[in-house]
Amino acid sequence: MCPKGFEIGSATDKSGSHHRKVSASSSSSLVVSPNNNSYDKIPRGGGGAMGTIHEEIKIFSSPVSKQKVLVLFLLSILVMGLAIFVLLYTTNHGFRRTVQFWKGAAPLALEYKLIQLKAKYMDGIDVGEIENCPPEYHQRIKQYHIRTAPKAVTLIIELGGIYVKIGQVVSTIGSGILDDSYITALQPLQDGVPARDYEQISSIIEKSTGRKMDDLFVHFEQIPIGSASIAQAHRATLRPLSVSNQDTQNNSYDEMGMEYYAGEEVVVKVQYPEVAEQFNADFNNLELLVRIFMPTAIDLIKSIRQRHEDELDFRKEAQNLREVTRNMQRHGLEPSIIRIPRVRNETGICTQHVLAMEYLHGISLNSAITDEQNKFAKALGKSDAEELRSMLNKRIREHFERGGGSSDENISIVGNDLKLKIAEVVGPFAASTFRFYAHTKDRVGNFLLGFRKIGATGPKNLSAGKMNSQLMEIDTTKQQKQVKKKHFNLAKIIKTLVHVHGIQLLKDGVYNADPHPGNCLILPDGRLGLLDYGMVGRFSEEQRKIVASVITALARKDKKETARWYIAQGYEVTVRHEKKLLSNDINVIHRFATFHFDKVDFSKITLETGEKVDVLKLLRTAQERFVPVWAVQGQRLGGLLMGIAVQTARPISLAKEWEQIASQTLKEMKSRTDS
């Protein structure tokens, strides 16, 4: 520490010894000898050799010292930033999930960008004109998709929560739009994600209900029958409240008037403990992004957030199940055509995190679709359905480019071989004929498989009686039973699924907002089981009137009327064509409405100026500046239903399927108004 008015410097005497020098404001200096720490007073003056060798250096006057200070300053900022990062990462769940997302997504995005940059600057390829790019560029992109798809799914599973739901939706509506590598990789998400262990699940149940597992269940299967983004489901048998409360047959009735057995099998749905925190963090991040980049959509994000938050309270799901069941019974659809599981709260098990429902026997729609595709592949002599799905995805894309929607001839998935030529001769019945051929070949193959097994394992002198016995044994195996159960009329099932959701949306205004194939069950008698009413959409009467009017206008292909309803609700879309910004072009609005409530149509679009434009080019510049809530919610439901139909190679026009329901809804509304 230097007193005020002093300077610290250095001095060298004639012998070469180095001294520290302390200069005061007086006319003399003190030199400290390093050997004996003695102080020599050296006169300060303008003359003399000793005076000329004194170099007085002030603190921070040297350039080197300034650099050191700058380095220290930058290091302190880095350390402080690192400390803040660690603090946020360990204490803020939303920040941690954001980091985890970009840690996985950024390398994938960077690799794709590098492929584009290399093609543009090193190979001279105009990547903006994708249809004009050479085959080698498309091959590079294809290989990128093949590498990236499994990584993307792994990231989705690691993050869980809303990312799994997004993956489920994309896998359903993406056929013919995304590369088939992603559709194949995302497909398993429809049936579930990796499950949690039994100890964790039983702990959640006991903590949520305040009761022991043995007090609640006679039997509880430790291996789940399904696991989803927010919960997993287990098969169990409820323990009756008490024997005295049951009649001699041990039967009773629920609030829907349906008879049930007090100790019947149920499905117990158990919510993961961290899900609420994950969803909250994800939507905080989403709201922040929307406030920055699209502030007009903040109300929409809040409404979606509320719907997802409701899904996390299983007591609300129980209410939804009861309400939708009553609505479907009023329309004569339940239980004759569809089945919705009954809530089983006789033992008080239903809480915010636990839900017990009636167990419905059947197979998931996703399994039925996969099984049919495997049959097609087998009939074509292929080992599995992977190559077939790739071919189907290509055919679907071509179908979309021709205008999409329903088709009398459906989509030819057979390829350019002899079977395709035969199918083309058959004409409108091509698809159904080939399905019949595939099913028949599959049954014959299974029958012959039984003989091969007998021939391989049985004695050569097998008697007729013994042979029949072994055939019966093979025929009753679990595998054969499952094969028989899967011979369903998928076309009829898809029609039922679409019709029921049209009734729910347009007539009731209460509908399942998440009907992906994993949430739909095909019962042994062919009825459709509708599961998972945690995410339920609700439309007001005014919103139902608007959507019904849009549906009827789309079915009539009335572009002006469709655009009128959209514009009246504040919808705004801009596109850029030949350096001109076009706002609310009627034909553009109609095409977007088509995507929302009718079909996927990638055919060329005619602008109001009369120019025909490639719709995909136009979509790259399109910005939907404001989208009404009813359009966004309707788009999700419509997209899922259209996607399921496409997966089965039975594309639909949703507007045509719902036209009659929409017309009836409008008539009923008018009748109530007039009266």
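Two strands count as paired if DSSP finds at least two bridges between them. Helices (H or I, at least four residues) and strands (E, at least two) are themselves DSSP runs, numbered from the N terminus. Keep those two ideas handy as we walk through this model, which is predicted: local features need pLDDT of at least 70, side-chain atom pairs count only at pLDDT 80 or more, and totals for chains, interfaces and linings use all residues. Residues are numbered from 1 along each chain as its sequence is written, and side-chain values use heavy atoms, with hydrogens and water left out.

Let's start with the overall picture. The protein has 24 helices and 22 strands. Of its 675 residues, 46% count as buried, where buried means under 20% relative accessible area, exposed means over 50% and partly exposed is in between (1.4 Å probe, protein chains only). A contact means heavy atoms within 4.5 Å. Take the contacts between residues at least 6 apart in sequence: 64% of them join residues at least 24 apart.

Now find strand β7, residues 231–238. Eight of its eight residues are buried, so β7 is largely enclosed by the rest of the structure. In a regular strand the side chains alternate between the two faces of the sheet. In β7, Ala231, Ala233, Arg235 and Thr237 sit on one side, Gln232, His234, Ala236 and Leu238 sit on the other, and both faces are covered.

Which strands pair with β7? Strand β5 (residues 217–220) runs antiparallel to β7 and is joined to it by three bridges, with Phe217 partnering Leu238. Strand β6 (residues 226–227) pairs with β7 in the antiparallel sense over two bridges, and there Gly226 stands opposite Ala233. A hairpin of three residues links β6 to β7. Then there's strand β10 (residues 265–271), which is antiparallel to β7 over seven bridges; here Ala231 faces Gln271.

Next, look at an open sheet of four strands, in the order β11-β16-β15-β13, with mixed pairing. The edges are β11 (338–339) and β13 (363–364); each has a single partner strand, so one side of each is left without a neighbour in the sheet. For β13, strand β15 (residues 520–522) pairs in the antiparallel sense over two bridges, and Ser364 stands opposite Leu521.

Another open sheet has three strands, ordered β19-β18-β22, with antiparallel pairing. At its edges stand β19 (580–583) and β22 (623–626), each with a single partner strand, so one side of each lacks a neighbour in the sheet. On average, neighbouring strands of this sheet are turned by 25° against each other, direction ignored. Strand β18 (residues 572–577) pairs with β22 over three bridges, and Glu572 has Phe626 as its bridge partner. Helix α21 lies across β18 and β22, running at about 120° to β18. (Axes are lines fitted to C-alpha atoms, for helices over the stretch in contact, and angles run from 0 to 180 degrees between N-to-C directions.)

Is Asp601 buried or exposed? With a relative accessible area of 9%, Asp601 is buried. Its side chain makes a polar contact with the side chain of Ser603 (2.6 Å). A polar contact is a pair of N or O atoms within 3.5 Å; within protein, one must be able to donate a hydrogen and the other to accept it, and residues adjacent in sequence count only if both atoms are side-chain atoms. Leaving aside neighbours within four places in sequence, Asp601 touches Phe400, Gly403, Arg591, Thr594, Phe595 and Val615.

Angles under 35 degrees count as roughly parallel, over 145 as roughly antiparallel, 65 to 115 as roughly perpendicular and the rest as oblique. The axes of α19 and α21 come within 11 Å and cross at roughly 110°, which makes the two roughly perpendicular. Their contact involves residues including Val547 of α19 and His590 of α21. Helix α19 (residues 541–555) also meets α24 (residues 654–674), with axes within 8 Å and a crossing of roughly 135°, so this pair is oblique. Helix α18 (residues 490–508) packs against α24 at about 30°, with axes 10 Å apart, and these two are therefore roughly parallel.
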